[in-house]
Amino acid sequence: MINNDHDQLAHPISDDPKTPLLPLHGDPPQRRLSFRSSISSILTLKNFYILLGPLLSTIVCLFVKLDGPVTSTNMLAILAWVFAWWLTEAVPMPVTSMSPLFLFPLFGISSADHVAHSYMDDVIALVLGSFILVLAVEHYNIHRRLAFKTLGILDPY
C-alpha cells in the first residue's frame, strides 16, 4: 500500500483535485529563505540592467551640461536610458521601443499626445493594417484559394 502523506511531501504538486494547494493549518513551510538568499535573489544581473537605464539617465541629467535648452540634456538622458535597455535587453524590446511614450512627457520634452501621434502616423497605420490583413489571408488559406481559382484547378479545401 502507498503512503499518501509521504507521496504528497515528495511531490507537492499533484493532479489530484483534493490535494491542498497551500499548507494546512500547522504544517511548517518546506523551506524558509534566509535574509542573505532573499537579497541575493533581488540583486541579480537582470535587475541591475533594468536599473542601469534610469541610473545613466540620472547621471546625464546631473553632470552633462549642453549649450542650449534643458530639453537637449533631457533628450540625451532619454537616449542613454533607451540605449541601455536596448543593448542589455533588460526589458522586452516592445517595452523599450515604447518607452519614449512615457519618458518624453516625464522629462518635459513633448506632450504624450504629440509623441503618440508620432508613433501612429497615417502611413504607419496603413502598413500595420495591411500586415494584419496579410496574416488573416494566410491563416484562412485565401491566397491558395485565389491561386486555384485563377488557374482553374479544383479547390482542395
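A: Leu-56 is partly exposed, because its relative accessibility is 31%, and partly exposed is the class between under 20% (buried) and over 50% (exposed). Please keep in mind that this is a predicted model.

Leu-56 sits in helix 3, which covers residues 45-63. Ser-57 belongs to helix 3 as well.

Now for how covered Ser-57 is. Ser-57 has a relative accessible area of 2%, so this residue counts as buried, the cut-off being under 20%. Leu-56, at 31%, counts as partly exposed.

Next, the contacts. If we set aside neighbours within four places in sequence, Leu-56 is in contact with Ala-80 and Ala-84. Ser-57, not counting residues up to four places away in sequence, touches Ala-77, Ile-78, Trp-81 and Phe-107.

Finally, let's turn to the surface. Leu-56 is part of a nonpolar patch there, formed with Leu-55, Ile-59, Leu-62 and Phe-63. Together, the residues of this patch have about 490 Å² of accessible area.

To put the picture together: Leu-56 contacts Ala-80 and Ala-84 and also takes part in the nonpolar surface patch, while Ser-57 is buried and touches residues including Trp-81 and Phe-107.

Technical notes:
Residues are numbered from 1 along each chain as its sequence is written. This is a predicted model: local features need pLDDT of at least 70, side-chain atom pairs count only at pLDDT 80 or more; totals for chains, interfaces and linings use all residues. Side-chain values use heavy atoms; hydrogens and water are left out. Helices (H or I, at least four residues) and strands (E, at least two) are DSSP runs, numbered from the N terminus. Buried means under 20% relative accessible area, exposed over 50%, partly exposed in between (1.4 Å probe, protein chains only). Contact means heavy atoms within 4.5 Å. Patches are made of residues with over 30% relative accessible area and no salt bridge: like charges are joined within 9 Å, nonpolar side chains (Val, Leu, Ile, Met, Phe, Trp, Tyr) within 5 Å. Accessible areas come from the Shrake-Rupley method with a 1.4 Å probe; for residues, only the protein chains shown count as cover. A salt bridge is a side-chain nitrogen of Lys or Arg within 4 Å of a carboxyl oxygen of Asp or Glu.
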